[in-house]
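Me: I would like to go through a structure feature by feature. Please give the general idea each time, and then the case at hand.

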Amino acid sequence: PAGEKEEKPLHYEAIFRSACTLLLDVASSEHSFLTSFFGDADSFDHVFGKSIFFAMENLEQHLVTSWDAVGCLLLVHVNTAQRDAMAARPVPLLANFFARVQVLVWSRFKAIMEAHVQSVSAFMPSGKAPETAPHYVARRYAELVASLRSLKVASVEPMLGSILRVLWTEVEKLLSERLARQHPTLKHQAALLINNYDLVVHTLAERGARGEESTHFEQLLDQVKTVFVEEQLLADNGKMISFVKQAEPLLVPGAPPEDAAKVDKGAMEHLTREFYDKWKAGIEAIHRDVVQSFSNFKLGMDILKQVLTQLLLYYTRFLDLVKQAFPHGPPFAQYILSIPTLMNEIKHFSRNF
């Protein structure tokens, strides 16, 4: 009938919690009755021994076929809550039961997580270079860790942290050593890593599951962003950047005159003219390239700002060198793009995107 509620299948963890709650309540009542009526509870083990044996046998049958790490950790969480509820009740046989459940479930959880680690370690990508979009392994890893962290099982937190550190090490190796290196350029390698690290960081943040993994992948993300920014600028402005890095030590205040004489002023003029002619088209090309490299639009625009800001810094350093090489003004001054003009173009992209 339309009015009937749709029946939903019960997960094993819910059934286990209900069974343990019932067992705890009935056993506590029976223990209290035996103590009051007979003066002791010596027969308690005989009354509930078979029930507890059946519960343990059922749990073992479930665990031996289970590959659900989240379900196992839920069982640990349920078992911990039941042990806490039992703490005020003098039922020693149940204390042993809950202790055995903890050992049994945690052992299975460790076996499942070790299998996850081994599967990531053994994963070999195909010979074709993958896209720079987030890889499905990174997505599955982020979802798994977010679920495990969300449970907040304090009783096993140190051991869980140790297991997750091993897992993130293997995931990091897969991304940085086997997937990224299939790309021929550092820029594309960095783009792949940024997309995957950002996915992990944002998934954990959205689920309220921040932990050691979040901090670790945030640090990796910051490092690889720096690599991408440099590689993106080197693609179109590599000559100017190389010139800046080579000429700055020769023109530092207090440097001997013979060092300043080593600066190639002809190359300086050529670079100035080249940047003047191509700067606007170059910024548009950078914009297209960066946006296409990242599946997350907001992430792409944040990195675009970093790239353009770094470009501004390099160009400012280049103009400082021009001023030092030509104290009275260079003969090619009309080809020098002003800093405010370049800044306005960068702000234009910031406002529009």
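Me: What volume does the largest pocket have?

Reply: Rolling a probe the size of a water molecule over the atoms shows where empty space is left. In this predicted model, the largest pocket has a volume of about 260 Å³. Its lining comprises 15 residues, and those closest to the centre are D236, N237, E274, F275 and K278.

Me: Which elements give two or more residues to the lining of that pocket?

Reply: They are α8, spanning 212-247, and α10, spanning 265-293. Helix α10 supplies the largest share, with 8 residues.

Me: How many of the lining residues are nonpolar, polar and charged?

Reply: The lining of the largest pocket divides into 8 nonpolar, 3 polar and 4 charged residues.

Me: Which residues of the largest nonpolar core touch the most other members?

Reply: In soluble globular proteins, nonpolar side chains tend to be buried together. Here the largest nonpolar core has 104 residues, and L73, F109, M113, L167, M268, F318 and L342 touch the most other members. The helix that gives the most to this core is α11, residues 297-325, with 15 residues.

Me: Take M268 as an example. Which residues does M268 touch, not counting those up to four places away in sequence?

Reply: M268 touches F243, V263, F318, L321, V322, A325, F326 and F332 on that count. One of these, F318, is also listed with M268 among the core residues that touch the most other members.

Me: Is D264 buried, partly exposed or exposed?

Reply: The relative accessible area of D264 is 44%, so D264 is partly exposed. The band for that class runs between the limits for buried, under 20%, and exposed, over 50%. G208 is placed in the loop between α7 and α8, and because its relative accessibility is 45%, G208 counts as partly exposed too.

Me: How should I read the backbone of K152, and what is its phi?

Reply: Most residues other than glycine have a negative phi, and most peptide bonds are trans. K152 is not a glycine, yet its phi is positive, at about 50 degrees. The residue sits in the loop between α5 (136-151) and α6 (157-179). With 56% relative accessibility, K152 counts as exposed.

Me: Now a residue inside a helix. Is T203 buried or exposed?

Reply: T203 belongs to helix α7, residues 186-206. Its relative accessible area is 8%, so T203 is buried.

Me: What lies 2.7 Å from a polar atom of the T203 side chain?

Reply: That is the backbone oxygen of L199. Leaving aside neighbours within four places in sequence, T203 is in contact with A142, E143 and A146.

Definitions and conventions
Residues are numbered from 1 along each chain as its sequence is written. This is a predicted model: local features need pLDDT of at least 70, side-chain atom pairs count only at pLDDT 80 or more; totals for chains, interfaces and linings use all residues. Side-chain values use heavy atoms; hydrogens and water are left out. On a 1 Å grid over the protein atoms alone, a cavity is a set of points where a 1.4 Å probe fits but cannot get out, and a pocket is an open set with protein on both sides within 12 Å along at least five of seven lines; lining residues have an atom within 4 Å of a point. Grid points are joined across faces, edges and corners, and a volume is the space filled by probe spheres set on the points. Helices (H or I, at least four residues) and strands (E, at least two) are DSSP runs, numbered from the N terminus. Ala, Val, Leu, Ile, Met, Phe, Trp, Tyr, Cys and Pro count as nonpolar, Asp, Glu, Lys and Arg as charged, and the others, Gly among them, as polar. A nonpolar core is a set of buried Ala, Val, Leu, Ile, Met, Phe, Trp, Tyr and Cys residues joined through side-chain atoms within 4.5 Å. Buried means under 20% relative accessible area, exposed over 50%, partly exposed in between (1.4 Å probe, protein chains only). Contact means heavy atoms within 4.5 Å. A polar contact is a pair of N or O atoms within 3.5 Å; within protein, one must be able to donate a hydrogen and the other to accept it, and residues adjacent in sequence count only if both atoms are side-chain atoms.
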